[in-house]
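Colleague: I am new to this structure and would like a close look at a single part. Could you take me through the salt bridges, one by one?

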Amino acid sequence: MAAIGDYPLPKFHFLVEWGSDFRIGFTEVSGLDFETEVIEYREGSSKKYNKTKQPGLTKYSNITMKRGTFEGDFDFFTEWQKTYFFQEGNDTGSLYRRAVTIKLLNEKHEPIITWILENAWPSKVQSTDLKADANEVGIETMELVHEGLTILEAK
C-alpha cells in the first residue's frame with residue numbers, strides 16, 4: 001500500500017531555522033541519524049550458550065551543514081566563537097545552545113517532515129578550500145553537536 005504520494009520526496013527543498021531569531025541558508029545538511037547501542041548480557045547459570053541483547057543508550061550523530069561563502073558574512077565563525085562561553089560551571093553556556101529545526105518542504109513550501117535538534121551548538125567550522133585552477137563556489141562547513149533528535153510529520 002502506497003503512502004499519500006506516489007513518488008518519493010525530493011530532498012532539495014528544505015529550510016533550516018537556527019533558534020527563533022536566526023536563520024542561515026544552507027546547501028546541504030547531513031547526519032540526521034541516530035542509533036541505539038546494544039547491551040549484551042549472559043547470566044552465568046543460563047542454559048543457553050548465547051547472550052541476550054537489549055537496548056542501551058541512544059547515540060546521535062553530529063549534523064554537518066554546508067553553505068556558500070559570502071563576502072562580509074561571518075555568521076558561522078561568530079556562532080562558533082560563542083563556544084568560548086561554555087566553560088565549566090558557567091551559567092551563560094546554556095544561553096548559546098539552541099534548538100535547530102530542519103524542515104523538508106513540499107512544492108507549496110509547507111513542511112512535510114521536521115527534525116528538531118535539542119541543545120545544539122557548533123563544534124567545528126571549516127572554511128572553504130582554496131584552489132587556483134578550480135571553477136566552483138567556495139563552501140563553508142559547520143558541524144553541530146546536539147543532545148537529542150525529534151522527528152515530526154506534518155499533518
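Modeller: A salt bridge here is a side-chain nitrogen of Lys or Arg within 4 Å of a carboxyl oxygen of Asp or Glu. This is a predicted model, in which local features need pLDDT of at least 70 and side-chain atom pairs count only at pLDDT 80 or more, while totals for chains, interfaces and linings use all residues. Residues are numbered from 1 along each chain as its sequence is written, and side-chain values use heavy atoms, with hydrogens and water left out.

The structure holds 4 salt bridges, among them one between arginine 67 and glutamate 140, whose side chains meet at 2.9 Å, N to O. Arginine 67 is buried at 3% relative accessibility, and glutamate 140 is buried at 11%, where buried means under 20% relative accessible area, exposed over 50% and partly exposed in between, with a 1.4 Å probe and protein chains only.

Elsewhere, Glu40, Lys51 and Lys53 are linked in a network of salt bridges. Lysine 51 meets glutamate 40 at 3.4 Å, N to O; lysine 51 sits in the loop between strands S3 and S4, and glutamate 40 in strand S3, 11 residues apart. The closest N and O atoms of lysine 53 and glutamate 40 are 3.8 Å apart, and since lysine 53 lies in strand S4, this pair joins parts 13 residues apart in sequence. Lysine 53 is exposed at 60%, whereas lysine 51 is partly exposed at 48% and glutamate 40 is partly exposed at 44%.

Terms used: Helix = DSSP H or I, 4+ residues; strand = E, 2+ residues; numbered from the N terminus.
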